[in-house]
Amino acid sequence: MSQHYPTIADCVGNTPLVRLQRLAGKTSNTLLLKLEGNNPAGSVKDRPALSMITRAELRGDIQPGDVLIEATSGNTGIALAMAAAIKGYRMILIMPDNSTAERKAAMTAYGAQLILVGSMEEARDLALQMQADGKGKVLDQFANGDNPIAHYTSTGPEIWQQTGGQITHFISSMGTTGTIMGVSHFLKEQKPEVQIVGLQPMEGATIPGIRRWQQEYLPKIYQAERVDRIIDMGQQEAEDVMRRLAREEGIFCGVSSGGSVAAMLRLSQEVENAVMVAIICDRGDRYLSSGVYDAASH
Ligand SMILES: Cc1ncc(COP(=O)(O)O)c(C=O)c1O
């Protein structure tokens, strides 16, 4: 009988798709947001975190009780901590010691062990050293094909179904690029003319979770041909739209999500009768201590 009830893992994915009501102004376009902050650990990263552990387990690469290691200070760390708790693994997260207190507390709450180091580079080096010393297995979300597969098998099909195949544009900010790779792969198989738009921070802008990758540092999972257009986004514009989303739409999210919606609003000026979907990666609570919500919106 209890088998009829879902587990917490079953609650990852199937997130709502909602339409913008005010920010878009008068337009023939339909502007839709995929609310990934509704995932149990609060971000789009719940999908790849569960996928990377579950698929490694299915291949026989790991088994419950093993130690997993990842260098990450962000949403992935929190999502991996949850996924490891669900699946019965020990999780070691290595991150710079300037990571925000609420993030560290969330990872610890899920039972992960935190190792604090001076920088992200040091974190990555230590993770690999620990793996070489036989202390655990590094998942490496930047090179792990089970990251984009999570979006190919869940996020993409959900968006296709929720728009009844009407989607014309997909917009996502790019960190590991797992989201945009997996969703693009699926959507273009259904409808090759769907426009896939990626977002990167402008030179000098700092937007948590996303990066402006130099060619030689592009994540291994990135395939340039899956992205039709890349938009550079400024920090101010991303933060302004993020605050307006909360105040004018009741949608409370992070800066990278504000950037995606800002890009969607720009694109909306260029086309008519389009159906656009942007990813809202996480919830705004995660950013309160940084003060981004304190500034005036107008
Ligand atoms: C806040 C935030 N936005 C955007 C992204 C980008 O997602 P992806 O890594 O799938 O490109 C991430 C990834 O960590 C993130 O944490």
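Trainee: What is the handedness of the crossing of H5 and H6?

Mentor: H5 and H6 make a right-handed crossing. Keep in mind that this is a predicted model.

Trainee: What are the angle and the axis distance for H5 and H6?

Mentor: The two axes cross at roughly 50° and come within 7 Å. That angle makes H5 oblique to H6. Roughly perpendicular would need 65 to 115 degrees, and roughly parallel an angle under 35.

Trainee: Which residues in H5 and H6 meet?

Mentor: From H5, they include Pro148, His151, Tyr152, Thr155 and Trp160. From H6, they include Gly178, Met181, His185, Phe186 and Gln190. By class, this contact has 11 nonpolar, nine polar and no charged residues. Gly counts as polar here.

Trainee: Why is H1 called oblique to H2?

Mentor: Helix H1, residues 46-58, packs against H2 at an angle of about 45°, with the axes 8 Å apart. Angles under 35 degrees would count as roughly parallel, and 65 to 115 as roughly perpendicular. H1 is therefore oblique to H2. The crossing is right-handed.

Trainee: Which residues in H1 and H2 meet?

Mentor: H1 brings Asp46, Ala49, Leu50 and Ile53. H2 answers with Thr76, Ala79, Leu80, Met82, Ala83, Ala84 and Lys87. The classes are eight nonpolar, one polar and two charged.

Trainee: Which residues of H7 and H8 make the contact?

Mentor: H7 contributes Glu237, Ala238, Glu239, Val241, Met242 and Leu245. H8 contributes Val255, Ser257, Gly258, Gly259, Val261, Ala262 and Leu265. The contact divides into eight nonpolar, three polar and two charged residues.

Trainee: Now the domains. What does the domain assignment give for the protein chain?

Mentor: The assignment gives domain 1 as 8-40 + 148-297 and domain 2 as 46-138. Their centres, taken over C-alpha atoms, are 25 Å apart.

Trainee: How many residues of each domain are in contact?

Mentor: There are 19 residues of domain 1 in contact with 12 of domain 2. The test is C-beta atoms within 7 Å. On the domain 1 side, helix H5, residues 146-162, gives the largest share, five residues. That side has eight nonpolar, nine polar and two charged residues.

Trainee: Why is the ligand said to lie between domain 1 and domain 2?

Mentor: Both domains give residues to the shell around the ligand, so the ligand lies between them.

Trainee: How many residues surround the ligand, and which are the closest?

Mentor: There are 18, and the closest are Gly175, Thr176, Thr179, Gly209 and Ser256. Helix H2, 75-87, and helix H6, 178-190, each supply at least two residues of the shell.

Trainee: What is the make-up of the shell by class?

Mentor: The shell has four nonpolar, 12 polar and two charged residues.

Terms used
Residues are numbered from 1 along each chain as its sequence is written. This is a predicted model: local features need pLDDT of at least 70, side-chain atom pairs count only at pLDDT 80 or more; totals for chains, interfaces and linings use all residues. Domain bounds come from an automatic or database domain assignment. Two residues are in contact if their C-beta atoms, placed from the backbone, lie within 7 Å. Helices (H or I, at least four residues) and strands (E, at least two) are DSSP runs, numbered from the N terminus. A residue is near a molecule or strand if its C-beta atom, placed from the backbone, lies within 6 Å of it. Axes are lines fitted to C-alpha atoms, for helices over the stretch in contact, and angles run from 0 to 180 degrees between N-to-C directions. Angles under 35 degrees count as roughly parallel, over 145 as roughly antiparallel, 65 to 115 as roughly perpendicular and the rest as oblique. A crossing is left-handed if the near helix is turned anticlockwise from the far one by less than a right angle, and right-handed if clockwise.
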